[in-house]
Amino acid sequence: MNVFDIVGPVMIGPSSSHTAGAARIGKAARLLLGEEPAAASILFHGSFAKTYRGHGTDKAIIGGLLGFDPWDGRIRDSQTLAQKAGIQIQITTGTIDDAHPNTALITMTGKSGKSVSLQGASVGGGNIQITRINGMDVNFSGQYPTLIVLHHDQPGVIAQVTAFVSQHRANIANFRLNRQEKGGLAIMTIEMDQTMDEASAEEIKAMPHVEDVILFKLN
């Protein structure tokens, strides 16, 4: 446990779970998209669905989609700023099976037409847990620099990627693999003690059987 966990985050209020965490979920979705958003559909589940207007969860998550940190005062005006930027925002409520009460499912389309989806939960104190990316199960917090590697489930891909990380002196704190089926699409999530640069991420992306690489650095 660190000081952040005890005293809570620096943020725009009123709730660390419903505003700071929501802003981080939104920012994670923007990082996943990797470009300027054109449209976003946000589904709120559980407590988020019941209280998002009163707690400013909608403003916080839209602020994250715009790239704002939880303490950025522009979050208060995020809906207006998104409208001025020409970003179409749709907010709905519903139920997501086996999801944390403070969960949002975001589907985004970028200016180029690229589309991604991200499901995340605000688990307290401004901390988040990303649980699904593009319909595939994942599990990471964003507290560490994290590589998300979308690849084909072929022999040697994991070894090649992890060897590259080691060669660049980035220590792996956590590693998870999720795949749709044997030989199909899979996702590696690699949480590291040290960050990597975008050029290194591009080198991984150029490896055989790798489809895409996203470098998450939320904090």
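1. Lys-114 and Asp-212 form a salt bridge, with 3.8 Å between their closest N and O atoms. The two residues sit in distant parts of the chain, 98 residues apart: Lys-114 lies in the loop between strand 3 (102-110) and strand 4 (115-124), and Asp-212 in strand 10 (residues 210-216). Lys-114 has a relative accessibility of 28%, so it counts as partly exposed. The model is a predicted one.

2. The pair is also part of a network of salt bridges that links Lys-114, Lys-205 and Asp-212. Over the whole structure, a search finds eight salt bridges. As background, side chains of opposite charge can pair when their charged atoms come close.

3. Another salt bridge joins Arg-176 and Glu-191, at 3.4 Å from N to O. This pair, too, links distant parts of the chain: Arg-176 belongs to strand 8 and Glu-191 to strand 9 (residues 185-192), 15 residues apart. Arg-176 is partly exposed, at 29% relative accessibility.

4. Asp-137 and Arg-132 form a salt bridge whose closest N and O atoms are 2.3 Å apart. Asp-137 is partly exposed at 42% relative accessibility. Arg-132 is partly exposed as well, with a relative accessible area of 30%.

5. Strand 8 (residues 172-179) also holds Phe-175. Phe-175 has a relative accessible area of 33% and is therefore partly exposed. Together with Ile-158 and Leu-177, Phe-175 makes up a nonpolar patch on the surface, and the three residues share about 210 Å² of accessible area.

6. Asp-69 is placed in the loop between helix 4 (57-65) and helix 5 (78-84). Its side chain makes a polar contact with the side chain of Lys-27, at 2.6 Å. When residues up to four places away in sequence are not counted, Asp-69 touches Lys-27, Ile-75 and Leu-218.

7. Which residues does Ala-49 contact, leaving aside its neighbours within four places in sequence? They are Phe-44 and Thr-93. Ala-49 itself is in helix 3 (residues 47-55). The C-alpha atom of Ala-49 is separated by 8.6 Å from that of Thr-103, a residue 54 places away along the chain.

Technical notes:
Residues numbered from 1 in each chain as written. Predicted model: local features only at pLDDT ≥ 70, side-chain atom pairs only at ≥ 80, totals over all residues. Heavy atoms only, no water. Helix = DSSP H or I, 4+ residues; strand = E, 2+ residues; numbered from the N terminus. Contact = heavy atoms within 4.5 Å. Patch = residues over 30% accessible without salt bridge, like charges linked within 9 Å, V, L, I, M, F, W, Y side chains within 5 Å. Areas by Shrake-Rupley, 256 points an atom, 1.4 Å probe, with all protein chains shown as cover. Salt bridge = Lys/Arg side-chain N within 4 Å of Asp/Glu carboxyl O. Buried < 20%, exposed > 50% of the residue type's maximum accessible area, 1.4 Å probe, protein only. Polar contact = N/O pair within 3.5 Å; in protein donor to acceptor, adjacent residues only side chain to side chain.
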